[in-house]
Amino acid sequence: MKWRHEHDAVDIVIVGAGAAGGVLAKELSEAGLSVVVLDAGPWRDPQKDFASDELSMRSLAWEDTRIVDGTEPFGMGSHHSGRGIGGGTQNFTGVFLRFHESDFKTKSIDGVGEDWPIHYKDLEPYYSRIEKEIAVSGPKHFPWGNFNGPYPYPERDPLSPNAYLFQKGCEALGIQSAVTPLAILSAPFEGRPPCTNRGFCIEGCMPNAKFSTLIVHIPKAVQAGAEILPNCMVTQIEVDTQGHVNGVLFVNQGTTYRQRAKTVILCAHVVETPRLLLHSATPQFPDGLANSSGWVGRSIMTHSSNDVYAKFEQEVRLYKGTPVLASTQDFYETDPHRGFARGYTIHSHGSRPIDMAQGISKASHEPVWGPQLRQIMLDYNYYGRLTMVGEVLPQWDNHISLSAEKDENGMPRASVTFNYGDNDLKLIDHAVENMKLILKAAGGEVAYVVSDTQHLMGGCRMGNNPATSVVNSYGQSHDIPNLFICDASLFVTSSGGNPTNTVMALAARTADYIIELASS
Ligand SMILES: Cc1cc2nc3c(=O)[nH]c(=O)nc-3n(C[C@H](O)[C@H](O)[C@H](O)COP(=O)(O)OP(=O)(O)OC[C@H]3O[C@@H](n4cnc5c(N)ncnc54)[C@H](O)[C@@H]3O)c2cc1C
Ligand code: SF4
């Protein structure tokens, strides 16, 4: 394999071209730094490589074997992370929410979780910048949190039948709802068309109406001079005798290569970033890099993402439209009367048939299959669905470690351990009851509750105290100053809303910090 910077020590090597890596590649290369981006997966062309096909497009997910453990082991497939240039933004649903001020201060406000080393106001300019840059569509007035709109682009219209039923149910119960802020165009932008509402967003968006770093940040980074290397799995971070990182080893088609760099930024997401740090242990850093605190891989979080299906007398057609088009955050903040801390978002959430069949087959303790499942799927058009995004509190025991099993590159496979805590379970029960009430109020007959998880966060949390965190608020390792971590693994708590706006805002903030360091 030959590449432009084969013999150079570039300013920056970025591992992972997903939500965070894409932002960093663009910002740092536009600032004049030499940048190489390595991603384990392919560089796809949406018009050639995406298809309106639920099964074949599962290839967008990170499907390498991971060892899962705990009382609520993750599925670790298409619901959890992406692979290839664009990372999880290729197959994400496009829901684009900001965290609320309280998300950064759960310990001080509610006595649970931990405080972040930043406030909402530290991210506010970056949220605004990212939302403008990708023309997020959303309501004129968003009723919750610190930012109440208007969004750069108008809210989506018309909505799907599932979203209208959700709004009807909320209205009957006095629950506020709003059209969901989405990284999906409601009008043309930078040569890209508005959404055609065919609903294959999780399969990758062929028309390019949905934002992804594949089609927005990576092309801009390339234009600014960044070199992007697909199908290159980084297996090791290298350290010099001074204890600084000086590059990475990566495998392409079975051969190992080296990219030297002055600064290494890990953007490989919640499982792979800790895995790389732990696997890169040296005699100087025997417990893995950036791990003097022992916090690498610790306190990983997901969102509880239980679905409730209800059957309606009229057709709903869950495949219609962008999956999420209306939401409520009326239950987002702590209410002491509920008996648990923190809260959740509820989305009206479409579903393609295979997703629904797989979900419902696991809905009860008795498997739903055979003629019963066939009959349910014959009635597919009559089902509506709601999904929660529930805050899961950080717990030290939920963690990534290296297993004894090795992959084809000789790297130990990741082991992922996860259990819900009491608070998480009480929160889920509350949300499921509310989803049932909303569906009933909309005229549906509640039929199935499917327990699920979605979105990964944590594992290399940020903090001011090097004894209890891995990096500072800019993602800079407390132990190794030229090693940065910048992806969803930085999260200290999970919030009750979808995370990617925050992942990208943090990346834009880290980019500014690195540019400032480079110029000083
Ligand atoms: C089906 C689905 C739906 C989602 N919907 C939403 C949504 O609606 N709203 C929302 O906010 N979030 C959503 N998410 C979550 C969102 O995708 C993530 O929050 C986001 O992509 C995380 O960004 P990241 O930069 O941390 O990692 P990623 O975007 O996952 O990028 C990591 C990249 O690193 C690469 N990589 C990993 N290891 C290595 C290695 N060793 N060497 C080289 N490359 C490597 C991977 O190939 C990948 O491209 C969804 C996710 C999924 C899977
Ligand atoms: S519904 Fe819209 S965003 Fe989703 S795949 Fe189709 S065009 Fe893209």
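The following dialogue explains how to read several features of this predicted model.

User: Which conventions apply to this model?

Analyst: Residues are numbered from 1 along each chain as its sequence is written, and chains are lettered from A and ligands numbered from 1 in the order in which they are written. In this predicted model, local features need pLDDT of at least 70, side-chain atom pairs count only at pLDDT 80 or more, and totals for chains, interfaces and linings use all residues, while side-chain values use heavy atoms, with hydrogens and water left out.

User: How many aromatic pairs does the structure hold?

Analyst: Rings of Phe, Tyr and Trp (its six-membered ring) pair if their centres lie within 6.5 Å; planes under 30 degrees apart count as stacked, over 60 as edge-to-face and the rest as tilted. The structure holds 22 such pairs. One of them joins W3 and Y257 edge-to-face, at 5.8 Å centre to centre and 90° between the planes. W3 belongs to the segment before β1 (9–15) and Y257 to strand β8 (residues 255–266), so this pair links parts of the chain 254 residues apart. Helices (H or I, at least four residues) and strands (E, at least two) are DSSP runs, numbered from the N terminus.

User: Are W3 and Y257 buried or exposed?

Analyst: Buried means under 20% relative accessible area, exposed over 50%, and partly exposed in between (1.4 Å probe, protein chains only). Both W3 and Y257 are buried. A further edge-to-face pair is formed by F92 and F211, at 6.3 Å centre to centre and 75° between the planes. F92 lies in the loop between β3 (67–69) and α3 (106–110) and F211 in the loop between β4 (178–179) and α6 (217–223), so the pair ties together parts 119 residues apart in sequence. F92 and F211 are buried as well.

User: Which residue lies over the face of W396?

Analyst: A charge sits over a ring if NZ of Lys or CZ of Arg is within 6 Å of the ring centre and within 35 degrees of the ring normal. R298 lies over W396, at 4.3 Å from the ring centre. Likewise, R461 places its charged end over the ring of W295, 3.7 Å from the centre.

User: How many residues surround ligand 1?

Analyst: A residue is near a molecule if one of its heavy atoms lies within 4 Å of it. Ligand 1 is surrounded by 39 residues, of which D39, G84, V95, V234 and T500 are the closest. The shell divides into 16 nonpolar (Ala, Val, Leu, Ile, Met, Phe, Trp, Tyr, Cys and Pro), four charged (Asp, Glu, Lys and Arg) and 19 polar residues (the others, Gly among them). An N or O atom in the side chain of D39 is 2.7 Å from an oxygen atom of ligand 1, and for the side chain of H269 the distance is 2.9 Å.

User: Which residues are around ligand 2?

Analyst: Among them are I184, C195, N197, R198 and K210. This shell has seven nonpolar, three polar and two charged residues.

User: What is the phi of N197?

Analyst: Phi of N197 is near 65°, a positive value in a residue other than glycine. N197 lies in the loop between β4 and α6 and is partly exposed, at 25% relative accessibility. S495, also not a glycine, has a positive phi of about 70°, and S495 is buried, with a relative accessible area of 0%.

Notes: Polar contact = N/O pair within 3.5 Å; in protein donor to acceptor, adjacent residues only side chain to side chain.
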